[in-house]
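Here is a note for a colleague who is meeting this structure for the first time. Please read it with the sequence and the model side by side.

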Number of protein chains: 2
Amino acid sequence: MDDALAQARVEAARVARLATVTPEGRPHLVPCCFVLAGATVYSAVDGKPKTTLALRRLANVAANPHAALLVDHYDDDWSTLWWIRVDGTARVVADPSERESAIARLTAKYPQYARTPPPGAVLALDVTGWRSWP
Amino acid sequence: MDDALAQARVEAARVARLATVTPEGRPHLVPCCFVLAGATVYSAVDGKPKTTLALRRLANVAANPHAALLVDHYDDDWSTLWWIRVDGTARVVADPSERESAIARLTAKYPQYARTPPPGAVLALDVTGWRSWP
């Protein structure tokens, strides 16, 4: 698929899967809501339940910033399958204005966040490359 | 969710996402069809297109066998969300009878494989732990 279609599909997707790597070198994988803003993907860590699971990805990117986000389409008609993987480096958003802008973008995409704004950290994935199939 | 529900959901899922780690410590992430057989998850590397992408996960697990498989459900009604992550160690199936058995299980789950049996490698993920939410 061409870059414009890949970008449109990523923008339209409601869910993605985010992979990071633990300090022990194990992959860590969670589904997440996200928004693409230029060359950065933002996602919020849900405040509840406030488990170590939610914090794991933050500890991971502090130790190893490499991360990957996958958007894909599955159907039992395998002629319609596609996926797009966004590779990049991740960081916890520290700047208050960048965090505010990211939350606004997330809320514009997901009305659910308007009722319950994400109270926790916002993760930024600065895109370094895309892969898509087919 | 309890273990029985988690297992039933994993068995019923048609697609999962598989994360491995490259020798450079970057996460690698692909969607895959799979079948759960006892404490092992099998997936086949599609023969076509025979790109380096399909081979990457095999090289990754040869260097670092840690892998994770994620099955999840997304809906805009966030009260219905759930996910299950299976962590384990991955290996390319070398034993011909284990490969034959895995292909038979994959074909029983996916009729698509009956028409075009996967010609390439079969990956086994030997499960070491489960996480589920909520």
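The points below go from the pairing of the chains to the sheets, the helices and the core.

1. **Basis of the note.** This is a predicted model, in which local features need pLDDT of at least 70 and side-chain atom pairs count only at pLDDT 80 or more, while totals for chains, interfaces and linings use all residues. Residues are numbered from 1 along each chain as its sequence is written, and chains are lettered from A and ligands numbered from 1 in the order in which they are written.

2. **Relation of the two chains.** Chain A is superposed on chain B by a rotation of 180° with 0.0 Å of shift along its axis, and the RMSD is 0.0 Å; the superposition is by least squares on the C-alpha atoms of residues with pLDDT of at least 70 in both copies. The two copies are therefore related as by a two-fold rotation axis. Both copies use the same surface, since 100% of the contact residues of chain A recur in chain B.

3. **The contact between the chains.** Chain A contributes 26 residues to the contact and chain B contributes 26 residues, where two residues are in contact if their C-beta atoms, placed from the backbone, lie within 7 Å. On the side of chain A that touches chain B, at least two residues each come from strand S1 (16–21), strand S2 (27–32), strand S5 (66–73) and strand S6 (82–92) of chain A, and S5(A) gives the most, with five residues. Strands (E, at least two residues) and helices (H or I, at least four) are DSSP runs, numbered from the N terminus. The residues on this side of chain A divide into 13 nonpolar, six polar and seven charged; here Ala, Val, Leu, Ile, Met, Phe, Trp, Tyr, Cys and Pro count as nonpolar, Asp, Glu, Lys and Arg as charged, and the others, Gly among them, as polar.

4. **The sheet of chain B.** In what order do the strands of the open sheet of chain B lie? The seven strands follow the order S2-S1-S5-S6-S7-S4-S3, with antiparallel pairing, and two strands pair if DSSP finds at least two bridges between them. Strand S2 (27–32) and strand S3 (35–37) of chain B are the edge strands, each pairing on one side only. Neighbouring strands of this sheet are turned by 30° against each other on average, direction ignored; the axes behind such angles are lines fitted to C-alpha atoms, for helices over the stretch in contact, and angles run from 0 to 180 degrees between N-to-C directions.

5. S1(B) and S2(B) pair in the antiparallel sense over six bridges, and B:Ala16 stands opposite B:Cys32 in S2(B). Their hairpin has five residues between the strands, and in this hairpin B:Gly25 takes a positive phi near 85°.

6. S3(B) and S4(B) pair in the antiparallel sense over three bridges, with B:Leu36 opposite B:Val41 in S4(B). Two residues lie between the strands in this hairpin, where B:Gly38 takes a positive phi near 65°. Four of the five residues of strand S4 (residues 40–44) of chain B are buried. S4(B) also pairs with S7(B) in the antiparallel sense, over five bridges, and B:Tyr42 has B:Ala124 as its bridge partner in S7(B).

7. Helix H1 (residues 3–12) of chain B lies across S3, S5, S6 and S7 of chain B and runs at about 70° to S6(B). B:Asp2 belongs to the segment before H1 of chain B, and B:Asp2 is exposed because 8 other C-beta atoms lie within 10 Å.

8. **The core.** The largest nonpolar core has 63 residues, and A:Tyr42, A:Leu69, A:Leu125, B:Phe34, B:Tyr42, B:Leu69 and B:Leu125 have the most contacts inside it. Such a core is a set of buried Ala, Val, Leu, Ile, Met, Phe, Trp, Tyr and Cys residues joined through C-beta atoms within 7 Å. Not counting residues up to four places away in sequence, A:Leu125 touches residues including A:Thr40, A:Val41, A:Leu69 and A:Val86.

How values were computed
A residue is buried if 20 or more other C-beta atoms lie within 10 Å of its own, exposed if 12 or fewer, and partly exposed in between; C-beta atoms are placed from the backbone.
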